[in-house]
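Me: I've got a new model open and want a quick tour. Can you walk me through it?

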Amino acid sequence: MQLFPMPTPALRDLARSAEGKRSRVFEACDEDSKGYLSREGLKVAVVMLFGYKSSKVEVDSVMSSVRPQNSGLFLEKFLNLMSANKAAELYNETRQIFTAFDVQDRGFLTFEDFKKAFNSVSPTLSERIIVEAFSLPLSLLVLRLTG
């Protein structure tokens, strides 16, 4: 039994699209195209990507990982950090959605659980769409639900 399905082409496309977005945000926040982000650039990038202002502790933590001879956060390190942050955010969202669907607290979802949840949110949704959504890996469904 395979616990984690192989990435589908749709998941790979989403990952490439997300990395492209993070790269564009890096470029937009890279003052004077120096090739790295300053503290302020990092703060702006986090707001652009995640919609919240980083705390001083978060920024200090990231910037302390920058080598002393470097002036800021380079693209590769930025992409790795932002990917990890997004993965943690997605995991939390997936868990919240799963918990909301698992009303009987069994640790798994039946099609009936899924159908009840979708019908409570959108009673006019066709059963065909619910069946298609049920067959998706939950992580891909969360990406589609949360945009």
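This is a predicted model: local features need pLDDT of at least 70, side-chain atom pairs count only at pLDDT 80 or more; totals for chains, interfaces and linings use all residues.

Me: Start simple. How many helices and strands does the protein chain have?
Reply: Seven helices and two strands. Along the sequence the order is α-β-α-α-β-α-α-α-α.

Me: What share of the residues counts as buried?
Reply: 27% of the 147 residues in the protein chain. The accessible surface is about 9900 Å², and carbon and sulfur atoms hold 57% of that.

Me: And what about contacts between residues 24 or more positions apart?
Reply: Such pairs make up 48% of the contacts in the protein chain, counting those with a separation of 6 or more.

Me: On to the inside. How many residues are in the largest nonpolar core?
Reply: It has 17 residues. Leu 37, Leu 42, Ala 45, Leu 49, Leu 73, Phe 78 and Met 82 have the most contacts inside this core.

Me: Helix packing next. At what angle do H2 and H3 pack?
Reply: About 120 degrees, with the axes 11 Å apart. The pair therefore counts as oblique. The crossing of H2 past H3 is right-handed.

Me: Which residues make that contact?
Reply: H2 brings Arg 39, Leu 42 and Lys 43. H3 brings Lys 56, Val 59, Asp 60, Val 62 and Met 63.

Me: How do H2 and H4 pack?
Reply: At about 40 degrees, with the axes 12 Å apart. H2 passes H4 in a right-handed crossing too. On the H2 side are Leu 42, Ala 45, Val 46, Leu 49 and Phe 50. They meet Phe 78, Met 82, Asn 85, Lys 86 and Glu 89 of H4.

Me: New topic. Ser 23: buried or exposed?
Reply: Buried. Its relative accessible area is 18%, and the cut-off for buried is under 20%. Ser 23 sits in helix H1.

Me: What does Ser 23 touch?
Reply: Leu 75 and Leu 79, leaving out residues up to four places away in sequence.

Me: Last one: Ile 130. Where is it?
Reply: In helix H6, residues 127-135. Ile 130 is buried, at 1% relative accessible area.

Me: What surrounds Ile 130, skipping neighbours within four places in sequence?
Reply: Ile 130 is in contact with Phe 111, Phe 114, Lys 115, Phe 118, Asn 119 and Leu 125.

Me: How far is Ile 130 from Phe 118?
Reply: 7.2 Å in space, C-alpha to C-alpha, and 12 residues in sequence.

How values were computed. Residues are numbered from 1 along each chain as its sequence is written. Side-chain values use heavy atoms; hydrogens and water are left out. A nonpolar core is a set of buried Ala, Val, Leu, Ile, Met, Phe, Trp, Tyr and Cys residues joined through side-chain atoms within 4.5 Å. Buried means under 20% relative accessible area, exposed over 50%, partly exposed in between (1.4 Å probe, protein chains only). Helices (H or I, at least four residues) and strands (E, at least two) are DSSP runs, numbered from the N terminus. Contact means heavy atoms within 4.5 Å. Accessible areas come from the Shrake-Rupley method with a 1.4 Å probe; for residues, only the protein chains shown count as cover. Axes are lines fitted to C-alpha atoms, for helices over the stretch in contact, and angles run from 0 to 180 degrees between N-to-C directions. Angles under 35 degrees count as roughly parallel, over 145 as roughly antiparallel, 65 to 115 as roughly perpendicular and the rest as oblique. A crossing is left-handed if the near helix is turned anticlockwise from the far one by less than a right angle, and right-handed if clockwise.
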